[in-house]
Amino acid sequence: MPWDVIIFYMIGAVCVLSAAGVVVANNPVHSAIFLVLCFFNVAAIFVMLGAEFLAVAQIIVYTGAILVLVLFVLMLVDPDDLPEFHAARPVQRYVGLLLGLILLLEVGVAILDRSVVGRRAVADQQEFTQIVDLVGGNTQALGRTLYTQYLLPFEVISLVLTVGVIGAIVLALPERLGERLYRRRGTISLGHPRGTDLALPAGPVGESPIAGPTPGAEVVPGGYGRRLIMARDPNEQPVIGRR
Amino acid sequence: MQVFGENWLVVGLMTISAFAMGMTLLILNWIVAPSKPSPVKGAPYESGVPDVSPVRPRYTPRFYVVAMLFVIFDIEAIFIYPWAVNFDVLSRYGFLAMVIFIFLLLDGYIYAWKKGALEWV
Amino acid sequence: MENDQPLWLTFIVAFVLMNVLLVGMAYMTWFERKVIGAFQDRLGPTRTGPAGLLQPIADGIKLLGKEDLIPRAADKVVFYFAPLIVFVTAIVGVAVIPFGGTVEIFGRDVNLFITDINVGALFIFAFSGIGVYGIILGAWSSANRYSLLGGLRSAAQVVSYEIILGLSLVGIFILSGSLNLRDILARQQEPLELGPLEISNWFILSQPLAFIIFLIAAVAETNRAPFDLPEAETELVSGFHTEYSAFRFSFYFLGEYISMIVVSLFASTLFLGGTDGPGSDRYWGLGVLWLLAKTILFLFFYVWLRATLPRFRFDQLMGVAWKVLLPLVLVNIVITSFIRLAANEGIPTGWWWVIGAGGAVLLVILVVQLFTSERESSAAPATVRQP
């Protein structure tokens with residue numbers, strides 16, 4: 001087997017495994033990490049196909065921008081507010097399964113379309129490479145096509161992006177738009193299971209330089225840290241033992 | 001080697017060897033350094049007092065707005081690069097296309113500014 | 001690839017370069033301490049070796065001998081690997097920097113560049129974009145609120161300034177017609193005639209605004225003073241690496257300094273002609289020295305900033321990126337492309353004037369709207385947040 005095929009299979013395997021990891025991982029942040037890995041390997045496959053600009057764009061836009069957004073949201077949202085990660089409603093599960101199958105079929109058709117029927121976008125790989133080299137590289141070739149043949153879609157993209165800006169502002173800053181409705185804003189969670197990032201253990205007090213609960217005082221089950229609450233939003237009543 | 005040149009292969013090798021270098025240093029650290037974990041050492045750093053505030057501190061959603069704006073302008077930048085390298089070829093029509101593109105995006109940008117999405121208070 | 005150098009030779013060059021970078025990073029810390037010492041009328045390190053030259057080695061050995069603490073609540077695997085991401089992405093960025101052409105060393109042709117990829121300039125952005133994950137994941141996995149806040153700040157800051165950094169180079173890409181750093185370098189070696197004088201056409205001459213913006217954004221991108229908010233010790237203990245110790249901590253440190261060096265190399269290549277300088281066309285060693293001299297100039301600038309300027313506030317930091325620098329880079333792009341267009345095709349005539357005037361009028365309307373209408377901005381009172 002030629003070595004580039006071996007490398008391709010290695011990259012592909014990592015890609016598929018990390019994609020599976022996205023689905024399987026329990027912690028949403030771990031899922032995001034697997035997704036980064038997956039995107040990175042997809043970029044490597046783009047490189048192998050000679051699409052250097054696309055590979056770098058994939059890394060800059062998908063791993064560099066969109067997944068940072070995903071991570072921010074994961075850290076902003078309290079996981080307790082999310083539906084159970086692996087226990088979606090049956091309807092959601094079946095619809096999800098159905099969509100997955102449709103996607104699989106589409107990919108299958110696309111692959112068969114190219115390999116069995118033998119349709120190719122460019123008849124000759126060598127000819128294609130020569131054309132790309134002639135204009136000075138992948139980026140140049142892409143730009144020439146994009147800004148001549150696909151000019152209108154390109155301009156429409158700017159409208160889509162503008163809608164994105166407006167959507168983000170409507171979602172995240174409702175009070176700025178004059179909506180006087182109260183929302184719980186700005187919860188971020190560490191994403192750890194509840195309580196694991198609590199302070200000191202209830203171990204022997206003698207070892208700690210810090211005074212633990214004084215002997216004889218009422219010991220609150222679940223650690224003495226729970227009841228003393230600082231730095232709360234003054235407008236919100238502390239709800240102890242929520243859920 | 002056809003399309004997939006050695007140029008990128010060496011980048012992959014560099015990544016792997018940098019990773020190996022890092023792991024070597026970490027293993028060296030692991031061998032040399034003492035390891036006496038204790039509950040106090042394992043506690044989150046809180047300037048020497050027990051951690052008493054709620055488990056989930058609250059942060060501002062403005063981080064989300066910044067990330068969203070970043071996604072938008074990052075995509076804009078990605079579209080500008082192929083235009084920039086082809087500038088001499090695309091000439092005046094390319095220039096006009098990009099001016100319209102930037103202008104439309106500027107619209108969203110000014111909307112964000114006026115709605116105060118760029119203020120961090 | 002220009003010449004078919006065997007892969008192992010390229011890899012040796014790369015490996016040597018990586019080690020040089022590590023040593024350079026170590027001596028960057030020495031350099032910084034000496035320079036800051038001089039700024040503050042002190043001596044800096046003097047005890048270890050002549051002029052404290054062995055200080056970085058002593059620091060390294062000390063860090064190797066420290067206990068590697070892991071917080072009990074930490075996400076172990078992520079906590080282990082996050083610092084490595086920062087380190088690896090910082091060091092791989094050097095792959096696209098050209099240190100010269102093909103030269104003869106020990107009777108063999110050796111390329112003084114590691115890769116010659118077509119998207120070299122974007123490659124550095126891509127890798128610095130991945131480097132953000134090292135910070136944000138390390139911060140998250142520490143399970144400490146200072147870490148997380150530092151990490152979020154850092155990510156928000158780095159991504160905001162990454163756009164500025166990327167867009168500030170568009171002028172150069174327009175002028176050179178390539179994203180390849182070797183092409184950009186070659187383009188700068190073309191002579192520019194100023195009357196009797198003939199100088200190299202460095203991009204700092206044609207892109208001065210972009211150069212200034214790039215410098216500011218580069219300082220912010222590498223989390224350096226005065227933009228070192230992610231590790232602001234007055235408010236965040238030490239930011240995203242609060243819980244890190246021993247060598248795992250030093251990877252963040254290494255990453256920061258290496259990315260400083262790489263960004264300086266990058267800036268010298270883009271704006272100051274890289275290896276270009278008197279005599280560099282005859283002796284390749286001189287070219288490398290010129291590049292190093294320019295890089296050290298940038299590094300000195302970094303240290304100078306740290307010694308001189310107080311730290312920004314976070315809202316100021318984000319304000320500078322989004323309200324000052326972003327409009328400026330867009331203006332720079334439009335002006336550069338317009339001048340280039342005029343140079344290529346002559347001054348536009350006829351209906352192009354109409355279009356230009358119409359665009360200008362629309363722009364003025366937008367800007368006037370921005371500054372005259374009632375703004376619901378920071379002035380919006382906090383009373384909005386009523387239950």
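This is a predicted model: local features need pLDDT of at least 70, side-chain atom pairs count only at pLDDT 80 or more; totals for chains, interfaces and linings use all residues.
**Chains A and B**

- Chain A holds seven helices and zero strands, so that its elements, read from the N terminus on, run α-α-α-α-α-α-α.
- Of the 243 residues in chain A, 23% count as buried, and among the contacts of this chain between residues at least 6 apart in sequence, 47% join residues at least 24 apart.
- Chain B has three helices and zero strands, with its elements running α-α-α from the N terminus on, and buried residues make up 45% of its 121 residues.

**Helix α3 of chain B**

- Helix α3 of chain B covers residues 87-114, and although it has 28 residues, its end C-alpha atoms are only 33 Å apart, which is short of the 40 Å that a straight helix would reach at 1.5 Å a residue.
- A kink of about 70° is present in α3(B), and this kink is centred on B:Tyr93.
- The buried residues of α3(B) include the glycines B:Gly94 and B:Gly108, as well as B:Phe87, B:Leu90, B:Phe95, B:Met98, B:Phe101, B:Leu105, B:Leu106, B:Tyr109 and B:Ala112.

**Helix α1 of chain C and the residue after it**

- Helix α1 of chain C, residues 7-39, has 33 residues and reaches 46 Å from its first C-alpha to its last, a span close to the 48 Å expected at 1.5 Å a residue.
- Among the buried residues of α1(C) are C:Thr10, C:Ala14, C:Leu17, C:Met18 and C:Leu21, and also C:Met25, C:Met28, C:Trp30 and C:Lys34.
- C:Gly24 also lies in helix α1 of chain C, but it counts as partly exposed because it has 18 C-beta neighbours inside 10 Å.
- The C-alpha atom of C:Gly24 is separated by 13 Å from that of C:Glu256, a residue 232 positions away along the chain.
- α1(C) is followed by C:Asp41, whose phi is positive, near 60°, and this residue is found in the loop between α1 and α2 (55-64) of chain C.
- C:Asp41 is exposed, because 6 other C-beta atoms lie within 10 Å.

**Contact of α9 with α11 in chain C**

- The axes of helix α9 (residues 208-221) and helix α11 (residues 246-271), both of chain C, come within 11 Å and cross at roughly 170°, and the two helices are therefore roughly antiparallel to each other.
- On the side of α9(C), the residues that meet α11(C) are C:Phe211, C:Phe214, C:Ala218 and C:Glu221, while on the side of α11(C) they are C:Val263, C:Ala267 and C:Phe271.
- The residues of this contact divide into six nonpolar, no polar and one charged.

**Contact of α7 in chain A with α2 in chain B**

- The axes of helix α7 (residues 151-172) of chain A and helix α2 (residues 62-85) of chain B come within 9 Å and cross at roughly 175°, which makes α7(A) roughly antiparallel to α2(B).
- From α7(A), the contact takes in A:Phe154, A:Leu161, A:Gly164, A:Val165, A:Ala168, A:Ile169 and A:Ala172, and these meet B:Tyr64, B:Val65, B:Met68, B:Leu69, B:Ile72, B:Ile75, B:Glu76 and B:Phe79 in α2(B).
- By residue class, the contact of α7(A) with α2(B) divides into 13 nonpolar, one polar and one charged.
- A:Pro153 has its place in helix α7 of chain A, and it counts as exposed because it has 10 C-beta neighbours inside 10 Å.
- A:Pro153 and A:Ile102 are 51 residues apart in sequence, and their C-alpha atoms are 26 Å apart in space.

- Most residues other than glycine have a negative phi.
- C:Asp41 is not a glycine, yet it has a positive phi of about 60°.
- C:Asn223 is likewise not a glycine and has a positive phi of about 55°, and it is found in the loop between α9 and α10 (233-236) of chain C.
- C:Asn223 counts as buried because it has 25 C-beta neighbours inside 10 Å, whereas C:Asp41 is exposed, with 6 other C-beta atoms within 10 Å.

Technical notes: Residues are numbered from 1 along each chain as its sequence is written. Chains are lettered from A and ligands numbered from 1 in the order in which they are written. Axes are lines fitted to C-alpha atoms, for helices over the stretch in contact, and angles run from 0 to 180 degrees between N-to-C directions. Helices (H or I, at least four residues) and strands (E, at least two) are DSSP runs, numbered from the N terminus. Angles under 35 degrees count as roughly parallel, over 145 as roughly antiparallel, 65 to 115 as roughly perpendicular and the rest as oblique. Two residues are in contact if their C-beta atoms, placed from the backbone, lie within 7 Å. Ala, Val, Leu, Ile, Met, Phe, Trp, Tyr, Cys and Pro count as nonpolar, Asp, Glu, Lys and Arg as charged, and the others, Gly among them, as polar. The expected span of a helix is 1.5 Å times one less than its number of residues. The bend at a residue is the angle between axes fitted to the seven residues ending there and the seven starting there. A residue is buried if 20 or more other C-beta atoms lie within 10 Å of its own, exposed if 12 or fewer, and partly exposed in between; C-beta atoms are placed from the backbone.
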